[in-house]
Amino acid sequence: MTSPTPSWEAAGPVHRTEPAPGRGTPRRGRGWRVATIVLAVALVVAVATAGYLWQTTDAWEDHAAEWEGEAQRYAEQVAALQVELDGVTAELVAAREQLDTATERITALADEKAQLGDENVASQQYLDYQRRVSEAAGVVATALGQCTQAQFQLIGYLENREAYDPADLERFGEDVQALCDEATEANDQLQQELSR
Amino acid sequence: MRAPLRAGVVAAAVALAASCGTLPDMPPPVPADLVPTVAVPSLDPEESARLSPDGFDAVQRMAVRIRNVGCQGLSTGSGFALDATTLITNRHVVADSESLQVNTYDGRDIDVSAASTAALADLAVVRTEDELPSAPELAEADPEPGASVSVVGYPSGGALTVTAGEVIGTTTDPLNENLGEVLVTDAPVEPGSSGSAALDEAGRVIGVVYAKTTDGRSLVVPQSTLRELLEDTSAFTPLPAC
């Protein structure tokens, strides 16, 4: 950096240089006009932008309000449906419990019916057995009675033996013995059956 | 002075254009219908298994109780539906019978029209006049050891019961009632369980229970044997009356 060197001039009249008329002033005025126009346009744009932003803000506020309303409405629906769902779920649980109870009861009743059926069949078979035993006892009693009667008849024949052919008496005695053997055998079988 | 003004105008124009791009748009209209598309809820398998006309599942609905009114007494066994009018049970369940009486899970009486037995396995086919409530499917293959098995029947002639266990393996029939091998499971069975269906996890028939071992295991005629005999028209002969 160097300091300016002082210089000396002779004193004399001062001459000012004036701008040439018709050249500097119009140029400055045109610049100001252009600047003014630009600023005016910018102002208009700014005002328009501000207006647009105002409208946009209002629209978004309305939009948000509508969404809030929709959300509120659906929230109320969800709450109502939740209550309804809880009620239906409780009913379903109760219905399932009733169904389980009913199926258990049906199974138990089916079992009771089957057991009664078994008892009925067993009773019927026992009655049939008793009937067969009774019939067999009747047959045995009849056979034993016939045996006894035949033996009495044989005794009568033997007491009057001279009146009959010995061969016929012997044959009759054998028939009586066979009849009594059959009756005794049937009685033995009956006794064995009864003792089981 | 002209150049700065021109630059200012250009800058203003550029700023204006740029500001138009950054200005927020007007909001779209609120949709009239906001209900979202919801997938149709589906029931899980456990829930769908409960779906039936009366609350009984298919496993219970297919089981029947068989009362053998014999000439020498009374016995009971189990069976299961093969189709609408056909039952499968054991030969020894229906043997020496004067009449057969069939009851369903809900106590209904089913009239029997005919019965036939297999000579080569402890199996019998019973035809019914009335339709049976439900019929299962036969499994495609015999189960492997370790597979789950359920037995549904009437143990001791009592109430309808479902017991569970696993397939232990196979063995030759200790009772010499069946040709080929039979399945051994640890599913509990009792007298009266004979003829019960042994089912896999999907509810398909893997065999027919026919006996219980002294150590509490159950013996099952495998479904492959059942299939073979059902396909052989001469395998089953009419059941003679006692």
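Start at B:Asp96, in the loop between H4 and strand S4 (97-104) of chain B. Helices (H or I, at least four residues) and strands (E, at least two) are DSSP runs numbered from the N terminus. Phi of B:Asp96 is near 55°, a positive value in a residue other than glycine. Most residues other than glycine have a negative phi. B:Asp96 has 15 other C-beta atoms within 10 Å, so it is partly exposed. The cut-offs: 20 or more other C-beta atoms within 10 Å of a residue's own make it buried, 12 or fewer exposed, anything in between partly exposed, with C-beta atoms placed from the backbone.

Before moving on, note that this is a predicted model, in which local features need pLDDT of at least 70, side-chain atom pairs count only at pLDDT 80 or more, and totals for chains, interfaces and linings use all residues. Residues are numbered from 1 along each chain as its sequence is written, while chains are lettered from A and ligands numbered from 1 in the order in which they are written.

Select B:Ser156. It sits in the loop between strand S8 (148-153) and S9 of chain B. B:Ser156 is exposed, with 12 other C-beta atoms within 10 Å.

Next, B:Pro174. Look in the loop between strand S9 (161-172) and strand S10 (181-185) of chain B. B:Pro174 counts as exposed because it has 12 C-beta neighbours inside 10 Å.

Select 218-222 of chain B. This is strand S13, and five of its five residues are buried. B:Ser218, B:Val220 and B:Pro222 point one way, B:Leu219 and B:Val221 the other.

Show the neighbouring strands. S12(B) pairs with S13(B) in the antiparallel sense over five bridges; two strands pair if DSSP finds at least two bridges between them. Here B:Val209 has B:Val220 as its bridge partner. The hairpin of S12(B) and S13(B) has five residues between the strands, and B:Gly216 in it takes a positive phi near 85°. S10(B) also pairs with S13(B), antiparallel, over three bridges. There, B:Val184 is partnered by B:Leu219.

**The nonpolar core**

Which residues have the most contacts inside the largest nonpolar core? Select B:Leu123, B:Ala197, B:Ala198 and B:Val208. The core has 53 residues. Such a core is a set of buried Ala, Val, Leu, Ile, Met, Phe, Trp, Tyr and Cys residues joined through C-beta atoms within 7 Å. Strand S12 (residues 205-212) of chain B gives the most to this core, with six residues. Domain 1 (58-134 + 231-238) and domain 2 (148-230) of chain B both give residues to it, so the core lies between them. Domain bounds come from an automatic or database domain assignment.

Zoom in on B:Ala198. Leaving out residues up to four places away in sequence, its contacts include B:Val149, B:Thr185, B:Val208 and B:Val220. Contact means C-beta atoms, placed from the backbone, within 7 Å.

**Between the domains**

Colour the two domains of chain B. Their C-alpha centres lie 16 Å apart. 27 residues of domain 1 of chain B are in contact with 27 residues of domain 2 of chain B. S2(B) gives the most to the domain 1 side, with five residues. By class, that side has 15 nonpolar, eight polar and four charged residues. Ala, Val, Leu, Ile, Met, Phe, Trp, Tyr, Cys and Pro count as nonpolar, Asp, Glu, Lys and Arg as charged, and the others, Gly among them, as polar.

**The eight-stranded sheet**

Trace the open sheet in chain B: its order is S5-S4-S1-S2-S3-S7-S6-S14, with antiparallel pairing. Strand S5 (109-110) and strand S14 (236-238) stand at the edges with a single partner strand each, so one side of each is left without a neighbour in the sheet. Inspect S6 (residues 112-118) and S7 (residues 124-128), which pair in the antiparallel sense over five bridges. B:Ser116 stands opposite B:Val125 in S7(B).

**Last stop: chain A**

Show both chains. 35 residues of chain A are in contact with 31 residues of chain B. The chain A side divides into 20 nonpolar, eight polar and seven charged residues. Finally, select 32-54 of chain A, which UniProt lists as "transmembrane region" in an unreviewed entry. UniProt positions follow the numbering used here, feature names are shortened, and annotations may be inferred rather than shown by experiment. The stretch is 100% helix and 0% strand, with its end C-alpha atoms 32 Å apart.

Key:
Contact = placed C-beta atoms within 7 Å.
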